[in-house]
Amino acid sequence: MGEYFHSVTLDEAKCKGCTNCIKRCPTEAIRVRHGKARIINERCIDCGECIRICPYHAKKAITDDLSVINGYKYRIALPAPSLYSQFKPVYGRNRILNAFFRIGFDDVYEVARAAEYVSDATRKLLSEEGIRKPLISSACPAIVRLIQVRFPNLIDNLVRLESPMEVAAKMAKKKAVEKKGIDPSDIGVFFITPCAAKATSVKAPYENKTSSVDGVISIKSIYLKLLANLEKADESKQLAKAGFEGLRWANSGGEGLAVGTDNFLAVDGIHNVISIFEAVENDKLEGIDFIEALACTGGCLGGPLTVENVYVAKSRLKQHVEEAKAVQKGRRRKLEPYDESIVWTGEIVYKPVLKLDTDIEKAMKKLEALEKIYSGLPGLDCGACGAPSCRALAEDIVRGIAYETDCIFKLREKVRDLAAQMKELEEKTPPTMS
Amino acid sequence: MAKSRMDLHYEIPADDFARAGEASSSVKKILVQLGIDPVRIKKAAISMYEAEINAVIHGGGGNAEVTIDADKIVIRIIDSGPGIEDLELAMQEGYTTATDEIREMGFGAGMGLPNMKRYADELDIQTEKGKGTVVTIVVYFHQQG
């Protein structure tokens with residue numbers, strides 16, 4: 001995979017070249033060119049806002065088809081904690097998990113289980129002395145990428161632990177090898193995802209590390225197949241092993257609760273996250289030890305690749321959580337020992353995508369030109385030029401990827417001037433004729 | 001070689017808390033576009049923000065004059081407010097003359113000047129009772145000495 005693989009892509013045929021997505025994008029990563037939306041790869045953080053907002057469903061996420069599992073002899077599904085609440089509450093967690101056996105899988109391993117290990121490790125991190133606070137959860141890949149491009153000063157605040165998905169993948173593989181004696185090369189583990197960002201983090205991990213996940217299948221694409229098998233699925237196998245604290249990760253605030261500090265802040269929705277990060281960067285957020293930040297409104301339950309309304313899903317999740325709580329008698333589940341390290345060793349580097357030039361003198365010249373152009377633009381932020389705002393157009397012009405006449409108001413001004421000149425010329429008659 | 005420099009000017013409206021911080025946040029965006037080291041941007045943005053807020057709360061509004069060249073940013077926040085009565089006292093953490101009303105809004109914790117001192121590479125405050133205050137902040141873009 002190249003440096004800029006993105007799960008979020010455009011379906012050219014469906015794109016009408018409207019301005020909905022360019023306006024919504026938190027990193028100003030989309031421009032409309034020749035009637036189609038173009039994603040600026042180095043800016044995209046795969047948050048999926050454009051997928052959600054596009055009225056023509058032209059923005060889509062590249063994920064794997066279910067047939068991807070055919071390439072492996074022993075297939076393990078790793079359902080995200082957000083999966084359970086996609087189905088009616090009459091279907092218990094165990095039934096949903098058993099249905100995976102009917103659609104071609106040989107085992108399932110709940111990512112919620114791994115989330116409990118990550119919570120545990122985060123609790124330990126928080127109690128360490130000298131740790132940089134507030135710690136910021138690294139579970140949402142869109143948030144990590146947002147920090148990479150917009151909040152470099154917060155890179156050191158990220159929790160240096162593998163995500164529950166990666167931990168689950170390793171645990172599931174280990175279990176299959178050790179308990180069932182399966183050859184590691186025969187095992188395929190597949191994440192059942194609520195979002196595009198997770199797919200990107202598997203296909204193109206932050207800094208060239210390899211993911212332990214072999215494929216990413218969207219909840220949306222697998223939903224009907226599971227639904228059709230829920231009635232027939234037997235519940236004899238006890239597969240629902242995750243505790244309530246792991247399940248709660250699906251919801252905004254769930255990770256914070258599991259981490260167990262009173263001083264946590266949970267923020268969801270990418271634009272809200274940006275406001276909070278601005279405050280952290282400006283030293284304006286006091287007394288907070290841990291920040292759980294999720295790109296989607298409502299957390300993973302609001303993921304762009306889920307099927308159920310986020311608020312309905314929240315209510316259902318609560319039932320699953322209550323059931324698990326009852327089983328655990330309200331106590332934290334005692335975790336089986338896991339001796340592998342879940343410390344995240346990848347290096348996260350700042351990607352200064354907003355920089356105008358690598359030479360500061362040139363950058364200053366460009367900035368000056370930018371301000372001048374910007375002051376001449378109408379300030380309507382209409383988006384008709386294909387850029388999200390007048391300022392973004394001014395920036396594009398100095399970057400050499402747009403023209404002032406891309407602005408329809410500027411164009412009209414030019415036409416008007418030209419018309420006036422033509423009229424003036426027309427009135428002039430040669431001396432021989434006057 | 002003649003070095004380029006940029007001069008920026010912002011108005012700081014009085015008692016408008018909704019807009020307080022707009023100037024420093026614009027300057028921050030500019031520094032990001034210039035490709036300045038993020039750590040330096042943070043120093044400039046926070047110290048300017050504090051001075052800007054002070055001008056809003058205490059100074060009855062004012063102006064921000066910002067000069068940027070390849071090596072540094074010089075921020076001058078000028079107000080015609082009441083001036084700072086006891087500068088030495090004002091530099092102490094937690095010392096505040098802000099009203100309860102302002103503190104209820106989350107401002108006026110007595111950290112403004114101490115934070116400016118902490119983040120600015122150079123800080124100069126000229127204040128005269130009844131006439132106003134000029135705060136000059138310098139942040140260098142490269143490690144000094």
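Predicted model: local features only at pLDDT ≥ 70, side-chain atom pairs only at ≥ 80, totals over all residues.
Local features here need pLDDT of at least 70, side-chain atom pairs count only at pLDDT 80 or more, and totals for chains, interfaces and linings use all residues. Residues are numbered from 1 along each chain as its sequence is written, chains are lettered from A, and side-chain values use heavy atoms, leaving out hydrogens and water.

Q: What makes A:D396 and A:R31 a salt bridge?
A: The rule wants a side-chain nitrogen of Lys or Arg within 4 Å of a carboxyl oxygen of Asp or Glu. The closest N and O atoms of A:D396 and A:R31 are 2.5 Å apart, so the pair qualifies.

Q: Why is A:R43 called buried?
A: Buried means under 20% relative accessible area, exposed over 50%, and partly exposed in between (1.4 Å probe, protein chains only). A:R43 has 4%, so buried it is. Its salt-bridge partner A:E395 sits at 6%, so that one counts as buried too.

Q: Why does A:K174 count as partly exposed?
A: Its relative accessibility is 24%, so A:K174 falls in the partly exposed class. A:K174 meets A:E340 in a salt bridge at 4.0 Å, N to O, and A:E340, at 41%, is also partly exposed.

Q: How do you know how much area is buried between chain A and chain B?
A: Buried area is the accessible area (1.4 Å probe) that two parts lose on being put together, summed over both. For chain A and chain B that comes to about 2,100 Å², with carbon and sulfur atoms giving 57%.

Q: What makes B:K42 and A:D283 a salt bridge?
A: Their closest N and O atoms are 3.6 Å apart, and the rule finds 4 salt bridges across this interface.
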